Amino acid sequence: MTTIPSPRKGGLSRRGFLCQTAAAAALGATVPLPRGAALAQDAAGSEILTGSHWGLFRATVKDGRAVAIHPWEGDPWPSAQLKGVLDSIYSPSRIKYPMVRRAWLEQGPGADPAGRGTGDFVRVSWDEAISLVARELVRVRDTHGPEAIFGGSYGWKSPGRMHNCQTLLRRLLKLNGGFTSSMGDYSTGAAQVILPYVTGSIEVYEQCTAWPNVVENTELMVFWGANPLRNSEICWQIADHGAFVGVDGLKKKGTRAICIDPVRTETAQYLDAEWIAPRPQTDTAMMLGIAHTLYSENLHDADFLAKYTTGFDRFLPYLLGESDGTPKTADWASNLCGIPADTIRDLARRFAANRTMLALGYSTQRQHHGEQSTWMLVTLACMLGQIGLPGGGYGLSYHYASGGAPTHLSPILPSITDTPGQSAGGGAAWLSAGGTVSIPVSRLVETLLNPGATMDYNGTKITLPALKLAWWAGGNPFSHHQDRNEMVRAWQALDTFIVQDFQWTATARHADIVLPATTSYERNDIEQVGDYALSHIVAMRKLIEPLHEARSDYDIFTAVADKLGFGYAYTEGQTEMDWIRSFYEAAMIEARAKGMEMPVFDVFWNSNQPLAFPLSEDQRQFVRHASFRADPLLNALGTPSGKFEIFSRAVQAMGYDDCPPHPTWLEPVERLDGPTARYPLGVAANHPVKRLHSQLCGTVLREDYAIAGREPCWMNPADAAARGLQDGDLARAFNDRGQILVGIRITDEIRPGVVRIDEGGWYDPADPRTPGSLCRYGDVNVLTTGIATSRLSQGNCGQTAVCEVEKFQGVPPEVTVFVEPGA
Ligand SMILES: Nc1nc2c(c(=O)[nH]1)N[C@H]1C(S)=C(S)[C@@H](COP(=O)(O)OP(=O)(O)OC[C@H]3O[C@@H](n4cnc5c(=O)[nH]c(N)nc54)[C@H](O)[C@@H]3O)O[C@H]1N2
Ligand SMILES: Nc1nc2c(c(=O)[nH]1)N[C@H]1C(S)=C(S)[C@@H](COP(=O)(O)OP(=O)(O)OC[C@H]3O[C@@H](n4cnc5c(=O)[nH]c(N)nc54)[C@H](O)[C@@H]3O)O[C@H]1N2
Ligand SMILES: [Mo]
């Protein structure tokens, strides 16, 4: 089991320099003069401070090479993944030069699409690569229309307000006349669409009741498919790791915790929590069983339901079975989820008897009908009536990016926009014309397979465009998308696939044109710390010069814009540092309006210190929905009724049979022990222990977890024994959609019947020309289903799959995905 690094002794001794503020003074914080900050750089020598998804760190640079990195001394819980960060800069999977697939180069766009992924690339000069890209953008636009260009490029690009490659890509494509974009994300595809109907906002990325308030007031902490001690290792911006402090607070306080999860998570282990392991994809049923118990034992809060919610009366006949003949009793739920009915009843009683916080993760909505679990959890919280009270209610981001870490008083740092001219006071209208089509982000494969078809989405109809060109920057679709083999086939509809990355991911390998980008450590940028904490602004200073022929995303797009004749419109005459300075200075003005004085840009930039912002006691004690509870009329929710909606007329009006108007148990297309399951094991395709999705899979970190050189497959001893599998065995996991190699890791920290294979293992097909061939490393998305959660949200179902696992017979094929193609 991975050990959790212990928090730094003495807690948060932040060495950052504070922004001068009346608020900080009131809090008793020392406010060093900005002048002193300039000296700090000398003291730190050649150690350069920068930031990453994994946190702030200082890098030692010798002779132009980063040789060591150390977590920032103010990080309460540094990520063990940092060692992979250093290695990622120099890893053998770096893309060194612009490359073009031979068939495409010699025979033109669309040539031999089945040959993608075979590694037959030709090195070209930057000049040639830029010309090819520019010519192809014009050709596709003029022949097929701008919507034939897909620019919805999704993924976990590096932090930084300047080199946001996705925004930069859209900025370019807008100038070229438009493109097809994408909506939503793979994280919360279902939840972020259903929740506005239920709670009036997307909720999943909004602040939860702050950890200090939880530690003080919560008596029973329920982590429902939520694992902060793993999933808050990272942030979308720069990780602050505040959730670790929060969970540690629960441990010190001795708060009772329950983890409802097929895996005994790091959080469960650290807190020595009660572990309840239902069958995956049955949570809605289990929640209904709890709700039924609450109602039948009169433990629900009728006053709260009456005052703050609508539609409980429409839901109740379903709960009681009056509308469909099936009462959703604990016994009924037990049959589905595999948890004893007594345990379900006991949970209901304890939830009601204690100040209970229900912390839900995202996995249960990344499943077929994933809208229902989120909606049902909010319904449960409504029945318990503790929403808006200290330490009670629900929280949907305690596990993610340190949701619940108290929010500091800080300005919002602006970032590059996709609309040139915006910062210069509103650009010309023609600049943003065209390309208004947008598809739900996980429906790209469906779009490629069904051009011209109509898709339902959230009450609207979308006509799917005929895509001919896709350009990806800062994401890895050949990792993040489901049903890889279907995807490989669908990709053949594209004439041209351009990929901009710094590593030879499976996506880059399937490209026609590969453009080597720098890592964020080879360019300058600026960012905030903590998605929720917003505790600091930090200069992400360049550590080293770009390696090989890599260029920054901004330089690459600028070169294409120049070639297309709109270079000036693209850059507005601004360099990288001009933009960074302008973002900082805009934040300075906002800070001033909030009563804070930030140092001038040069002092900040040269200080080699993060700029700290103050935290008020109010924010430490923030309680989600407290204001709504205090005055539901004045602070009405954003739903049509202004209340929590347990029955939604808006959802009803859409008439989708796969998303009824109140939370409902609907059988998923397949699940462990389900009526349609053709394979005996449920697959938990979790977020990885020692990676960020696919990032860092190509680094030394892999040595810490790979088994038999493959992605680990966690398996319960009973399941292993039944298959004659030993710890460390090389095995084949398969279903109707595909097959992958995995290494067996036997552990009783997983529920019998479930295997865990983390997402993000690099796809390495034995024969790229033959969809369905064996993936030699272990990309779990070969096994998952590509269907959508429902017609409402069209979210992905990355947590929906069943499979079988058997010992691999024969000569193990070599894994080749971690070095350059042809190496
Ligand atoms: N089965 C299953 N599938 C899943 C999930 C699951 O739980 N189960 N989770 C889903 C979720 S929630 C997500 S968010 C997605 C994640 O999917 P992605 O975000 O696509 O995955 P990453 O591996 O983070 O890919 C980011 C890529 O961007 C590159 N990159 C980083 N910085 C830069 C930069 O500055 N410039 C350029 N040009 N490239 C850069 C990295 O090298 C990497 O290849 O996966 C989804 N897929
Ligand atoms: N280390 C690390 N942290 C990350 C990421 C990463 O790649 N690596 N990715 C980040 C991103 S982009 C996102 S969106 C979030 C994702 O956050 P989540 O989607 O919440 O993360 P997962 O790891 O997929 O699942 C969380 C827990 O749910 C459990 N689980 C799986 N299926 C079920 C089920 O059917 N029922 C129940 N009750 N539990 C289930 C899993 O065992 C796991 O412990 O994580 C973020 N944090
Ligand atoms: Mo995500």
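1. By class, the residues around ligand 1 divide into eight nonpolar, 18 polar and six charged. Here Ala, Val, Leu, Ile, Met, Phe, Trp, Tyr, Cys and Pro are taken as nonpolar, Asp, Glu, Lys and Arg as charged, and the others, Gly among them, as polar.

2. This is a predicted model, in which local features need pLDDT of at least 70 and side-chain atom pairs count only at pLDDT 80 or more, while totals for chains, interfaces and linings use all residues. Residues are numbered from 1 along each chain as its sequence is written, chains are lettered from A and ligands numbered from 1 in the order in which they are written, and side-chain values use heavy atoms, with hydrogens and water left out.

3. The shell of ligand 1 comprises 32 residues, of which Trp 156, Ser 158, His 480, Asp 501 and Ser 694 come nearest. A residue is near a molecule if one of its heavy atoms lies within 4 Å of it. Both domain 1 (99–184 + 430–534 + 547–564) and domain 3 (681–807) contribute residues to this shell, so ligand 1 lies between them. The domain bounds come from an automatic or database domain assignment.

4. An N or O atom in the side chain of Ser 158 lies 2.7 Å from a nitrogen atom of ligand 1. For a polar side-chain atom of Gln 482, the distance to a ligand 1 nitrogen is 3.0 Å; for a polar backbone atom of Gln 500, it is 2.9 Å. The protein covers 100% of the 910 Å² of accessible area that ligand 1 has on its own, by the Shrake-Rupley method with a 1.4 Å probe.

5. The whole structure holds 33 aromatic pairs. Rings of Phe, Tyr and Trp (its six-membered ring) pair if their centres lie within 6.5 Å, and planes over 60 degrees apart count as edge-to-face. Tyr 205 and Tyr 362 form an edge-to-face pair, 6.2 Å centre to centre with 90° between the planes. These two tyrosines are 157 residues apart and link distant parts of the chain. Tyr 205 is partly exposed at 27% relative accessibility, whereas Tyr 362 is buried at 6%; buried means under 20% relative accessible area, exposed over 50%, and partly exposed in between (1.4 Å probe, protein chains only).

6. Phe 628 and Phe 644 also pair edge-to-face, at 5.5 Å and 80°. Phe 628 is buried at 2%, and Phe 644 is buried at 0%.

Conventions
Polar contact = N/O pair within 3.5 Å; in protein donor to acceptor, adjacent residues only side chain to side chain. Phe/Tyr/Trp six-rings, centres within 6.5 Å; stacked < 30°, edge-to-face > 60°. Helix = DSSP H or I, 4+ residues; strand = E, 2+ residues; numbered from the N terminus.
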